[in-house]
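Please open the model in your viewer and follow the stops below in order. Each stop names a selection and then describes what is found there.

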Amino acid sequence: MKTPARRLAEKVQSIQESNVFNIRSGELPTWCPGCGYFGIHFGINNALQRLGLDHHQVVIVSGIGCAGRYPFFSNTYGHHTVHGRSLPVAQGVKLGNPNLTVLAVGGDGDGLGIGGGHFPHAARRNFDINYVLFDNSIYGLTKGQPSPSTPKGFKTKASPEGTVDQPLNATLLALSYGATFVARLFAGDPEGITTALMAGIRHKGFSFFHVYTSCVTFDKQFKTWNNLTNRVRPLPAGYDPADRRRAIERVLVDDDSLGIFYQEPPKGKE
Amino acid sequence: MNRIDLTIEICGLSGDGTIAAGGLLNEAMSRAGFSALAFDSYPAEIRGFGRCVTRSRFGFDRQIALENQTNLLISLDDEQSLSRLPFLAADAVVLFDNHPPSPVAEGKSIAGHARPAMSLFGAPFRDLAAAASGSAKGRNLAALGVLAGLLNLPVDAFRERIGKKFKSKGEKVAAGNIRSFDAGLEYVLKTYPDRLRPLPVPAAPAGQAEKVLWSGNVAIGEGALAAGLKNYFGYPITPATPIMEYLAARLPAKGGRVLQVEDEISAIGAVLGSFYTGARAMTATSGPGFALMTELITQAVSAESPAVIVDAQRGGPSTGLPTKTEQSDLLAAVFGGPGDTPRIVIAPTDVTECYHLTARAFPLAEKYQTPVIVLTDFYLDNRVENIERPSISADAVADALLKPAPDQAGSYHRYQVTPSGISPRALPGTPGFQHNITGLEHDERGVPDFSPGNHQKMSDKRDRKIQGALADLDPPEEYGDPGPLDVGVVAWGSTFGSALDAVQSARDQGLKVGCLKITALFPYHEDRIQAFMDRSKTILIPELNHSGQLNTLIGHLGRGRIVRLNQSTGIPLYPSTILGKIHELIGEDRS
């Protein structure tokens with residue numbers, strides 16, 4: 001009979017043999033204990049490993065914020081740019097060397113606030129890059145101000161009476177901007193992230209990953225682990241991701257389903 | 001043989017074909033062997049019913065500046081042309097339409113305002129064009145015909161250029177326009193046979209290099225192509241847009257890409273991304289767009305990313321004067337942005353230098369891993385000069401990237417501190433050299449590090465690196481006699497040509513004056529600039545801005561009297577203005 005210690009030892013060994021940590025750099029993530037970003041990190045790393053991509057062929061571009069630090073924690077090439085500008089730089093990287101696998105990562109403030117003007121154009125240009133939006137609906141690195149995706153009524157030091165603006169829905173935006181691959185994911189489901197990332201990286205075109213995640217330090221009210229875990233569920237079985245219109249209709253009324261909402265079917269060879 | 005110095009102006013209302021006629025005139029005169037420098041003035045609104053003026057200076061010698069006096073005016077609209085009277089020479093020649101469609105309002109006919117010594121030549125431009133081609137639209141070409149006949153210019157050169165220009169509109173339009181030109185020509189020969197003023201034509205050029213009639217913007221595009229530009233990212237803005245359009249027509253055929261992106265921030269971001277992978281990239285903008293790029297430019301300084309940025313200055317601040325010229329982005333280009341951000345700023349002074357400095361900006365950016373800002377201005381971007389077709393050697397634009405030694409795989413430090421400040425740079429895709437670049441202060445590995453010693457060390461490194469670039473930048477060039485000068489003029493950008501023209505005139509008058517051309521604005525050659533200043537009793541710094549930005553940058557090097565000559569009018573500084581100031585300064589000294 002296996003003792004708990006034995007089972008743990010076997011698990012550790014299997015993780016080591018999977019080489020899943022090889023893609024991590026020696027830098028300790030600066031994220032708070034319990035941060036959802038660890039789950040996203042794990043999900044992305046797994047995808048890159050399982051796809052068998054050489055680490056030196058991957059470039060991760062980021063903006064500013066807690067998610068902006070992401071590249072420092074990966075043993076790939078990384079370009080930590082300024083606030084909101086990961087997408088322009090990522091497109092330049094892809095045009096500069098199309099053989100590279102290019103990821104842009106960033107938070108909701110970075111991508112929907114200051115950088116919101118680049119998102120539609122990156123989507124409609126449809127370069128083969130992958131954009132992962134870490135959406136915890138808060139500015140964490142500046143200690144808890146409301147972001148463009150913060151639900152109404154969120155009280156912070158910057159919004160003492162509660163937020164009043166309509167939150168942005170990044171999945172809906174991506175679908176309407178014409179992104180050719182759109183997935184909604186959850187930091188508490190790294191395996192789901194890995195699966196979608198693998199499909200999205202393989203997809204030739206602009207792939208968007210909207211990842212729900214939690215800021216354990218500054219949001220005790222809305223996007224907490226408990227709330228998110230209770231809300232989310234997979235897209236219904238048999239959901240057909242080939243229909244943009246149906247995807248938009250679903251996203252308009254469904255904030256909670258996770259999975260690949262839309263993937264443009266491959267066109268015939270040109 | 002007489003030296004020719006002839007400035008011709010065409011003035012009309014937008015829609016009169018003024019700019020088109022000016023362009024044809026420049027092309028035909030260039031083809032006939034004249035040297036040319038031309039600059040148009042037009043309103044910022046496409047349909048604004050504004051005044052359009054083309055000014056072209058022709059001669060046998062190379063033209064380096066426009067002067068503020070016009071020898072010959074072609075009036076396509078008398079009401080507009082009246083405003084040009086103050087700029088006409090006392091003995092100017094005026095060509096005008098003597099049968100306009102409706103009687104010119106009382107007092108608005110240019111003929112009624114000409115001074116006594118001027119020569120007037122009336123010709124029914126509209127009627128001639130209408131009779132020849134069936135449309136009065138060709139009145140600008142009939143006017144050119146009158147001009148060509150009056151001065152005995154090589155008419156075949158005109159006919160050829162007209163035919164070529166209108167070819168795309170069909171044979172019928174092209175032929176009609178040539179007939180309009182011919183009608184003007186015949187009219188003047190028949191009507192004023194005793195008053196013709198044949199102009200000496202330059203001797204046929206023998207064994208001369210091919211000449212091209214280029215604007216500064218074309219030269220910038222050609223320079224970038226010569227340097228093997230791979231990706232151009234831009235956003236429309238006057239006066240830089242023609243660079244994007246020029247490259248859009250040519251770069252794809254060379255395997256490159258031109259992308260019009262959503263804003264200037266995106267443009268500079270994509271330039272940084274492309275250069276990061278080793279693919280040469282460029283963007284061009286003007287003041288307002290340059291302001292938007294500032295943050296990423298400072299990121300590039302910190303992350304040590306190459307970039308080539310053309311800032312085609314126009315009148316500022318803010319949206320300012322979109323179609324007027326100014327040199328008021330100098331300090332923004334050199335210092336703009338948060339933090340200490342040394343970068344390379346170079347400024348051409350003529351069309352040929354637009355080509356060379358743009359081409360050389362790429363290896364500079366690569367070698368020193370920094371943004372290189374090529375600072376031009378409207379007067380330089382939009383002027384045309386006929387110049388010997390420039391070329392640059394493959395060596396001068398060769399890949400200047402310093403790569404790390406292969407044995408550093410696995411232990412590579414992106415920001416290794418070196419005596420030169422230059423750290424070997426590995427390109428993405430190189431196995432074993434993975435690293436991060438960042439605008440956060442970082443240690444040699446590229447990992448954020450905000451410790452006091454590290455920030456000092458890295459700030460020193462970046463400064464040392466840029467100062468070291470002086471070795472690859474053109475030193476200032478001196479013009480005039482060596483030895484003590486009563487006035488030493490220090491100039492940059494488009495103003496330099498006017499300064500040199502003024503200094504040449506002053507020297508012809510026996511005055512002890514000289515001129516210093518500065519193209520390396522940052523870093524700059526302190527010793528050379530100071531040496532010139534030290535032998536000048538008075539240092540004169542003429543600039544097209546209000547605050548004297550070059551003086552702010554380098555004035556501290558002067559140990560004698562420094563006098564600024566600043567003009568915020570949106571129009572070029574003319575040699576006569578600078579010459580007047582030189583006279584004033586020397587007169588003060590003598591009185």
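Begin by selecting chain B, in which 54% of the 591 residues count as buried. Please keep in mind that this is a predicted model. With a cartoon display, chain B shows 18 helices and 21 strands. Its radius of gyration is 26 Å, close to the 25 Å given by the globule rule for 591 residues, so chain B is as compact as a globular protein of that length. Along the principal axes, the C-alpha atoms of chain B fill a box of roughly 85 × 65 × 50 Å. Among contacts in chain B with a separation of 6 or more, 75% are accounted for by residues 24 or more positions apart.

Next, select residues 171-191 of chain B, which form helix H6. From first C-alpha to last, the 21 residues of H6 reach 30 Å, close to the 30 Å expected at 1.5 Å a residue. The buried residues of this helix include B:Ile178, B:Phe181, B:Leu185 and B:Val188. Against which elements do the buried residues of H6 pack? Display strand S6 (119-123) and helices H3 (125-133), H4 (139-151) and H5 (155-165) of chain B to see these partners.

Now turn to the largest nonpolar core, which has 232 residues. Select A:Val211, B:Ile346 and B:Leu521, the residues with the most contacts inside this core. Helix H12 (residues 351-368) of chain B contributes the largest share of the core, ten residues.

Finally, centre the view on B:Ile346. Leaving aside residues up to four places away in sequence, B:Ile346 touches B:Leu357, B:Ala361, B:Val372, B:Val374, B:Leu473, B:Thr519, B:Ala520 and B:Leu521.

Technical notes: Residues numbered from 1 in each chain as written. Chains lettered and ligands numbered in written order. Predicted model: local features only at pLDDT ≥ 70, side-chain atom pairs only at ≥ 80, totals over all residues. Helix = DSSP H or I, 4+ residues; strand = E, 2+ residues; numbered from the N terminus. Expected span 1.5 Å × (residues − 1). Buried ≥ 20, exposed ≤ 12 C-beta atoms within 10 Å, placed from the backbone. Contact = placed C-beta atoms within 7 Å. Core = buried A, V, L, I, M, F, W, Y, C linked by C-beta atoms within 7 Å. Rg over C-alpha atoms; globule rule 2.2 N^0.38 Å.
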